[in-house]
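Here is a briefing on one protein model. Keep the sequence and the 3D view open while you read.

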Amino acid sequence: MSEQIKHECGIAHIRLRKPLQYYIDKYGSATYAVNKLYIMMQKQSNRGQDGVGVANIKVDVEPGTRFISRYRTINQQPVTEIFAKIGRKFEKAKKKSGYDPKDSEWMKKNMGFTGELWMGHLRYGTHGKNSIESCHPFLRQNNWRSRNLVMAGNFNMTNVDELFDLLVQLGQHPKEKTDTVTVMEKIGHFIDEENQRLFNKYRKNKENHEITKHIENEMNLQRVLKRSFKDFDGGYAMVGLLGHGASFVVRDPNGIRPAFKYIDDEVIVVASEKQAIKAAFNVNYEEITEVEPGHALIVNKDASYKEVPIMDQGELKACSFERIYFSRGTDPDIYNERKDLGKLVIPQILKSINLDLKNTVFSYIPNTAEISFLGMMQGLDQYMLRRRKEVIIDGQPSLESHEELLSFQPRVEKLVIKDAKLRTFIADDNSRDDLVANIYDTTYEVINKGVDTLVVIDDSIVRGTTLEKSILKMLDKLEPKKIVIVSSAPQIRYPDCYGIDMSKIKEFVAFRAMLSLLKDHFKENLLEEAYHKALANINSDKQENYVQALYNEFSYDEISEKITEIVRPEGLKAELEVVYQTVDNLHQACPKNLGDWYFTGDYPTPGGNRVVNKAFINFMEGKEVRAY
């Protein structure tokens, strides 16, 4: 509860389909694309605040003119800073001889960030040091325009070691063993090969400067991407810009990571969230569609485009956490799904409070849980309508009078208020508790002491440490009879390996609950059995998730009850119960985002099982390292 889960990352891509002069004439400025990209990135700042990068490429400028511009930053308020820096370039241009803001040729010749291809990236540094070198976009440079590659993405690869070895087999000498470097260098290798193939095709009949034009106009990016992506295992949405003016967006074959597009006769736009495109271009939601899983949206130098398959499409497993937590709730689909998550947990809540609505107060923590809270309250209203019908119309017996039933309203209070913008997840474990205690205020004297039950809903409960060490202690000061903590997401049992900062299995309170239950039932030997199976098959291409069998020893409710015991702080006076959403209800609320491996262990790619088994091995061996 109130634990920030870090996520990587957000992408934004704009391709102007007409010459820069068109936008100057129509919109009055050469900053049309800059302004649109700024809005898109601000609207996706929820996806990454550790680093931001922007890149721009000009099409068909004269030799000797810089045609690639890039800025990156890891400073505070990175989106604002980086666009202010771009803005200062436009201000400085006013001092140059011949300055004419209405002349596109002068602007492109004398200024950076005046090109037709744009890329933006927002990053959360989930692992390792957060440095400027870790910020996307990454740049692979060459004096041949069509061999330059600028890349950014929202991705994690599960098979970095394998990809690294493939690069070595291709004859390369990679400088790092990271997914970003290995992905970029592999794509770059096949771009180089495509350049060479076309060069060889024309070398006997054409001059080199003529061959360059043929390469730029005839490059088969679909072929390049098919060869590049065939060995990738992970979740990804990647954007690539080539120096001569082509670009591509590729989405993984299971649709794990999101990518949305909007296309008209002026622009081609891609972003991680629909709301970013809606806000920047004010288009109807039905005009914004998904980039198809396993496909590449390829934009040619002349701004023509096609969306083509480059991999066999797998089982669609779009990340459900996008809907529960990460994406902006102002997207109408996500808004309604989050409300449904709140509604669907009502039967469990009613059971936990023994139907005593009169002495129950409902609230939420943190602010991101407000939408599921609204859904929960709507679900309560629907329950009361049914109850009134049963008593008043159907004549069922009731302890309440008709007047009491008709006038009753569930009690709602804002019990915990965050009054400081401190990012507590960056603190070490020893100081985190003090930070949390100081960034929250508790509302007193609204609870009937020793009588009322508090029902507090959250998006998800991952580690449980904030509950145990801070939130529950604050709520207990209100002196309720009982505290019911509700998670709108199911129990998070397994690590993610496709882009979310949930990689160490022992941090999950559900995993700790399962371990405790194994001990209670004298079944700890099953841990060793699972460990040896995982160890024996760690290099197998087809692995099972050996951790699932451990959870299967116990019911869902048994895990929840043990979690309640674990998060209960010493000295808590109130009764306590933790209630989790069910996986079936999650699928009912989010029918198009069926990626549920965090909750079920059903990973959509072979690398997922390898990662969970590796994470379990690390746990058993006491290793505090990343499993991928």
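The points below cover sheets, salt bridges, backbone details and a surface patch.

This is a predicted model: local features need pLDDT of at least 70, side-chain atom pairs count only at pLDDT 80 or more, and totals for chains, interfaces and linings use all residues. Residues are numbered from 1 along each chain as its sequence is written, and side-chain values use heavy atoms, with hydrogens and water left out. Helices (H or I, at least four residues) and strands (E, at least two) are DSSP runs, numbered from the N terminus.

**The antiparallel sheet**

- An open sheet is built from 7 strands, in the order β3-β2-β4-β1-β10-β9-β11, with antiparallel pairing. Two strands pair if DSSP finds at least two bridges between them.
- The edges are β3 (68–73) and β11 (289–290). Each has a single partner strand, so one side of each lacks a neighbour in the sheet.
- Helix α2 (residues 32–42) packs on this sheet and touches β1 (10–16), β2, β4 and β10 (267–271). Contact means heavy atoms within 4.5 Å.
- The direction of α2 makes about 160 degrees with that of β1. Axes are lines fitted to C-alpha atoms, for helices over the stretch in contact, and angles run from 0 to 180 degrees between N-to-C directions.
- Strands β2 (residues 51–57) and β4 (residues 117–123) pair in the antiparallel sense over 7 bridges. V52 has L122 in β4 as its bridge partner.

- In strand β18 (residues 453–458), 6 of the 6 residues are buried, so the strand is largely enclosed by the rest of the structure. Buried means under 20% relative accessible area, exposed over 50%, and partly exposed in between (1.4 Å probe, protein chains only).
- Both faces of β18 are covered. T453, V455 and I457 are buried on one side, and L454, V456 and D458 on the other.
- Strand β14 (residues 360–364) runs parallel to β18, joined by 5 bridges. Y364 has I457 in β18 as its bridge partner.
- Strand β19 (residues 482–487) also runs parallel to β18, with 6 bridges between them. T453 has K482 in β19 as its bridge partner.

**Salt bridges**

- The structure holds 37 salt bridges. A salt bridge is a side-chain nitrogen of Lys or Arg within 4 Å of a carboxyl oxygen of Asp or Glu.
- R140 and D192 form one of them, at 3.2 Å from N to O. R140 lies in strand β5 (residues 138–140) and D192 in helix α6 (residues 179–202), so the pair ties together parts that are 52 residues apart in sequence. R140 counts as buried at 16% relative accessibility.
- E218 and K201 form another, with their closest N and O atoms 3.6 Å apart. E218 is in helix α7 (residues 208–218) and K201 in helix α6, so this pair ties parts 17 residues apart in sequence. E218 is partly exposed, with a relative accessible area of 30%.
- K274 and D333 meet at 3.0 Å, N to O, in a salt bridge. The pair links distant parts of the chain: K274 is in helix α9 (residues 274–281) and D333 in helix α11 (residues 332–344), 59 residues apart.
- K274 is buried at 11% relative accessible area, whereas D333 is partly exposed at 37%.

**Backbone details**

- H136 and P137 are joined by a cis peptide bond, with omega near 0 degrees. P137 lies in the loop between β4 and β5.
- The peptide bond from I365 to P366 is cis, with omega about -5 degrees. P366 sits in the loop between β14 and α13.
- Q77 is a residue other than glycine with a positive phi, near 45 degrees. Q77 is in the loop between β3 and α3 (78–93) and is exposed at 63% relative accessibility.
- N354, also not a glycine, has a positive phi near 55 degrees. N354 lies in the loop between α12 (346–352) and β14 and is exposed, with a relative accessible area of 66%.

**Nonpolar surface patch**

- I392, I393 and L406 make a nonpolar surface patch of about 310 Å². Patches are made of residues with over 30% relative accessible area and no salt bridge: like charges are joined within 9 Å, nonpolar side chains (Val, Leu, Ile, Met, Phe, Trp, Tyr) within 5 Å.
- Accessible areas come from the Shrake-Rupley method with a 1.4 Å probe; for residues, only the protein chains shown count as cover.
- I393 belongs to helix α13 (residues 370–393). I393 is exposed, with a relative accessible area of 65%.
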